[in-house]
Amino acid sequence: MSVRVLLVDDEELLRLAFGMILRAEPDMEPVGEAADGAAAVELARRLRPDVVLMDVRMPGTDGIEATRLLLREVPGTRVLVLTTFDLDAYAFEALRAGASGFLLKNSRPEELLGAIRDVARGDAVVSPRVTRRLLDRFAHRLPAAGGDAERLRVLTAREREVLLGAARGLTNTELAAALGLAEPTVKKHLGRVMAKLGLRDRVQAVIFAYECGLVGPG
């Protein structure tokens, strides 16, 4: 089945370029375009895309607020945000709002396509170390640590270890080596962590770890 993509950017030429790239792929289908966040939310309600390719810096309703609204109203849709710099406040706020990852606007077409496919499968498109660097840099914007600490009680000791390692920026391979586990076992534990805590993906799990005080900057 084709991945249905909604394109959101206030620059018409960029929407045109992204649309051409997607239409050249047999498993991609651009289903609509929007030039601002409010229009994106309205279109997503009607079209129910699999993935929204969302610019974050737009006049009116920006991509961060649009992501927050869209994921609340169309929960089956995933958002991949476009940004200019990999370590900026917009990328951080977009991840906090629920985006499954971010992509630089100067990424190559194959990177764009791969990221859309990954997000459609339920994966997060941002490396563990970049997530950690973002959170270290902008953690002061998070709520006071400890607010969600009670929710950690649903996790087993092993699941807490896995969440802590992920929050410290370890990849699954590194986690497996550090804990003496097979990599598929690490993935299963992470899956259970996300299911128990009601989180969409690894990025949201790492943000949760910061918000509940399990890990802190540095």
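Which residues have the most contacts inside the largest nonpolar core? Here is a short tour that starts there. This is a predicted model, in which local features need pLDDT of at least 70 and side-chain atom pairs count only at pLDDT 80 or more, while totals for chains, interfaces and linings use all residues. Residues are numbered from 1 along each chain as its sequence is written, and side-chain values use heavy atoms, with hydrogens and water left out.

1. **The main core.** The residues with the most contacts inside the largest nonpolar core are V8, M54, L70, V79, V81, F102 and L163, and the core has 54 residues. Helix α10 (residues 202–211) gives the largest share of this core, seven residues. A nonpolar core here is a set of buried Ala, Val, Leu, Ile, Met, Phe, Trp, Tyr and Cys residues joined through side-chain atoms within 4.5 Å. Buried means under 20% relative accessible area, exposed over 50% and partly exposed in between (1.4 Å probe, protein chains only). Helices (H or I, at least four residues) and strands (E, at least two) are DSSP runs, numbered from the N terminus.

2. As for V8, its contacts (heavy atoms within 4.5 Å) are A34, D36, A40, V52, L53, M54, D55 and M58, leaving aside neighbours within four places in sequence.

3. **Strand β4.** All six residues of β4 (residues 78–83) are buried. R78, L80 and L82 are covered on one side, and V79, V81 and T83 on the other. In a regular strand the side chains alternate between the two faces of the sheet. Strand β3 (residues 51–55) pairs with β4 in the parallel sense over five bridges; two strands pair if DSSP finds at least two bridges between them. Within this pairing, M54 stands opposite V81 in β4.

4. **The cavity.** How many cavities of 30 Å³ or more does a search of the whole structure find? The search finds one, and the largest cavity holds about 30 Å³ of space. On a 1 Å grid over the protein atoms alone, a cavity is a set of points where a 1.4 Å probe fits but cannot get out, and a pocket is an open set with protein on both sides within 12 Å along at least five of seven lines; lining residues have an atom within 4 Å of a point. Grid points are joined across faces, edges and corners, and a volume is the space filled by probe spheres set on the points. F92, L95, T131, L134, L135 and I207 line the largest cavity, with α6 giving the largest share, three residues.

5. **The largest pocket.** This pocket has about 260 Å³ of space. Its lining has 13 residues, and D123, A124, N172, M194 and R202 lie nearest the centre. Helix α9 (residues 183–197) supplies the largest share, four residues.

6. **The second largest pocket.** Here the volume is about 160 Å³. Ten residues line this pocket, and R96, L199, Q204, I207 and E211 are the closest to its centre. The largest share of the lining, four residues, comes from α10.

7. **One backbone detail.** R48 is not a glycine, yet has a positive phi of about 50°. R48 sits in the loop between α2 (37–47) and β3, and counts as partly exposed at 47% relative accessibility.
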